[in-house]
Amino acid sequence: MCSSDLLVLLGYDVVKGLILSATVFEEMSNDWRELWKHSLGVSKACGLICEKLRIPDAEEISMAGLLHDIGKVVLILEEPEIYEKVQMGAAKHDLPIELAERKLLGFDHTEVASWLCDRWHLPQRLGVPMAYHHHPENSKNPQMHSVVVFLADNVTKAVGAGAEVNSKVMPIPTIVTDMLNINRDFLEQLVIDLERELQTITVD
Ligand SMILES: [Fe+2]
Ligand SMILES: [Fe+2]
């Protein structure tokens, strides 16, 4: 059985349950908690966007949101000291984390995620948002999943859930507003609704 089969078999709720289990969080340092808060926020935001815009595959898109920054998890686990320097560099030079990663490592967490997806044989519907959540416009086949994850990532940063070093909100590319057919009012209401939803997440 490959990893994608496993994800389908387990289902989004079970995977989320595993990730949210108390023992996992008890073991986490503050950095990890912040990353998980952010990931859970993005997952929630994906669900909200899908619900509001009646986008199908909400569960799978929420899973993509939950896993979108998994490249950071690999980097923190594999190279904790270097990643600390990345974070310090981002803070010192006021850089988005992915640029600080590229400066110090020569690649960023989206490239790590892309490699991981190949290794784990994850479906493109999960792999593309992991690889293109900062720039969905650069994907050869821009798809709904990565556009929703991009928006969810930035709205979650905007409400300050799971602060990472320099959680800069990116300008929204036209492809996102065009594919989702959204306007400023939609975004303002999304921020309000997400803030309300996130009050129900307790990982402390
Ligand atoms: Fe990211
Ligand atoms: Fe993110």
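Reader: Hi! How do the axes of helix α4 and helix α9 cross?

Author: Hi! In this predicted model, the axes of α4 (residues 58-67) and α9 (residues 124-132) come within 9 Å and cross at roughly 40°. That makes α4 oblique to α9.

Reader: And is the crossing left-handed or right-handed?

Author: The crossing of α4 and α9 is right-handed.

Reader: New topic! Which residues touch the most other members of the largest nonpolar core?

Author: That core has 40 residues, and the ones touching the most other members are Ala45, Cys46, Ile49, Val148, Leu151 and Ala152. Helix α3 (residues 30-53) gives the largest share of the core, with eight residues.

Reader: What does Cys46 touch, then?

Author: If you skip residues up to four places away in sequence, Cys46 touches Ile61, Ser62, Gly65, Val148, Val149 and Ala152.

Reader: Okay, now Ile182. Where is that one?

Author: Ile182 lies in the loop between α11 (174-180) and α12 (184-198).

Reader: Why is Ile182 called partly exposed?

Author: Because Ile182 has 17 other C-beta atoms within 10 Å, while buried would take 20 or more and exposed 12 or fewer.

Reader: Which residues is Ile182 in contact with?

Author: Leaving aside neighbours within four places in sequence, Ile182 is in contact with Thr177 and Leu187. Also, the C-alpha atoms of Ile182 and Leu53 are separated by 8.9 Å, with the two residues 129 apart along the chain.

Notes. Residues are numbered from 1 along each chain as its sequence is written. Chains are lettered from A and ligands numbered from 1 in the order in which they are written. This is a predicted model: local features need pLDDT of at least 70, side-chain atom pairs count only at pLDDT 80 or more; totals for chains, interfaces and linings use all residues. A nonpolar core is a set of buried Ala, Val, Leu, Ile, Met, Phe, Trp, Tyr and Cys residues joined through C-beta atoms within 7 Å. Helices (H or I, at least four residues) and strands (E, at least two) are DSSP runs, numbered from the N terminus. Two residues are in contact if their C-beta atoms, placed from the backbone, lie within 7 Å. Axes are lines fitted to C-alpha atoms, for helices over the stretch in contact, and angles run from 0 to 180 degrees between N-to-C directions. Angles under 35 degrees count as roughly parallel, over 145 as roughly antiparallel, 65 to 115 as roughly perpendicular and the rest as oblique. A crossing is left-handed if the near helix is turned anticlockwise from the far one by less than a right angle, and right-handed if clockwise.
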